[in-house]
Amino acid sequence: FFSLLAVSGALAGTGTPVFVDYHEVWSPAYWRAYAGRLTGTLGALVEKLCIRVTHFAQVFTAETARRVRTQGFRGDVKVLAGLLPSDEAANVASTMPPTDPVVLFVGRHVKHKGVRLLPEILVAARASLPNLKMTIVSEGPERAGVEADVRRLGLTDVVLFTGSVSDDELHDLFARASCTIVPSYREGYGIVVAESVSAGT
């Protein structure tokens, strides 16, 4: 946000248009829920100011385009087709189902990603698919809580925590999974979805 304001200030009076990719646009209510009343209100104001200085907005979903408009944007909005860099097309997608069913979570272990929901989701899914396992990728402040829930629910033998992995390892995990789970409270279409689909999952 602040780099955009700095660029806008540096270009003031030059007539140079500013193009901005908006991966997300938050409502003032969500800002306050996420960051608290004071910080959230400030965050919402800064976001709105950024939108005001944008000449051309690029977004990845129609919902984000609508939210940019709701925040007062009157310029051109372009909804882009996807999130993957072009070199990802070289990866070969796997269409073979895995021998053992595995659900994959990829994301920073923070509250809004819904990572704390994973153990309960796995318990519910295993009621009808008792051999289902789960792989949880990455790190973050919520990891200790997730691990504690896994132990409490007796899932230690069926949940794998990988920590951070390389790009090649991540693509292999996507390709070998039965499905990818995205329990985020606010991200409807993150890059994890595009990466999963690119691997055939």
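## Aromatic rings that group together

Rings of Phe, Tyr and Trp, with the six-membered ring standing in for Trp, count as a pair if their centres lie within 6.5 Å. Keep that rule in mind as you look at this structure, which is a predicted model. By this rule, the count comes to six aromatic pairs. One aromatic cluster is made up of Phe 1, Trp 26, Tyr 30, Trp 31 and Tyr 34.

## A closer look at Trp 26

A pair of aromatic rings is described by the distance of the centres and the angle of the planes. For Trp 26 and Tyr 30, the centres are 5.0 Å apart and the planes make 75°, an edge-to-face pair. Trp 26 also forms an edge-to-face pair with Tyr 34, at 4.8 Å centre to centre and 65° between the planes.

Are these residues buried or partly exposed? Trp 26 has a relative accessibility of 10%, so it counts as buried, because the cut-off for buried is under 20%. Tyr 30, with a relative accessible area of 22%, is partly exposed. Tyr 34 is partly exposed as well, at 43% relative accessibility.

## The parallel sheet

Now to the strands. Four of them form an open sheet with parallel pairing, and their order is β6-β5-β4-β7. The edges are taken by β6 (159–163) and β7 (179–180); each has a single partner strand, so one side of each is left without a neighbour in the sheet.

Strand β4 (residues 102–106) runs parallel to strand β5 (residues 133–137), and five bridges join the two.

Helix α6 (residues 143–152) lies across β5 and β6, and runs at about 160° to β6. Helix α7 packs on the sheet too, where it touches β4, β5, β6 and β7. The direction of α7 makes about 145° with that of β4.

## Where α7 meets α8

Which residues does α7 bring to its contact with α8? They are Leu 170, His 171 and Phe 174, and they meet Val 192, Glu 195, Ser 196 and Ser 198 in α8. The residues of this contact divide into three nonpolar, three polar and one charged.

As for the geometry, the axes of α7 (residues 167–176) and α8 (residues 191–198) come within 8 Å and cross at roughly 70°.

Key:
Residues are numbered from 1 along each chain as its sequence is written. This is a predicted model: local features need pLDDT of at least 70, side-chain atom pairs count only at pLDDT 80 or more; totals for chains, interfaces and linings use all residues. Side-chain values use heavy atoms; hydrogens and water are left out. Axes are lines fitted to C-alpha atoms, for helices over the stretch in contact, and angles run from 0 to 180 degrees between N-to-C directions. Helices (H or I, at least four residues) and strands (E, at least two) are DSSP runs, numbered from the N terminus. Contact means heavy atoms within 4.5 Å. Ala, Val, Leu, Ile, Met, Phe, Trp, Tyr, Cys and Pro count as nonpolar, Asp, Glu, Lys and Arg as charged, and the others, Gly among them, as polar. Rings of Phe, Tyr and Trp (its six-membered ring) pair if their centres lie within 6.5 Å; planes under 30 degrees apart count as stacked, over 60 as edge-to-face and the rest as tilted. Buried means under 20% relative accessible area, exposed over 50%, partly exposed in between (1.4 Å probe, protein chains only). Two strands pair if DSSP finds at least two bridges between them.
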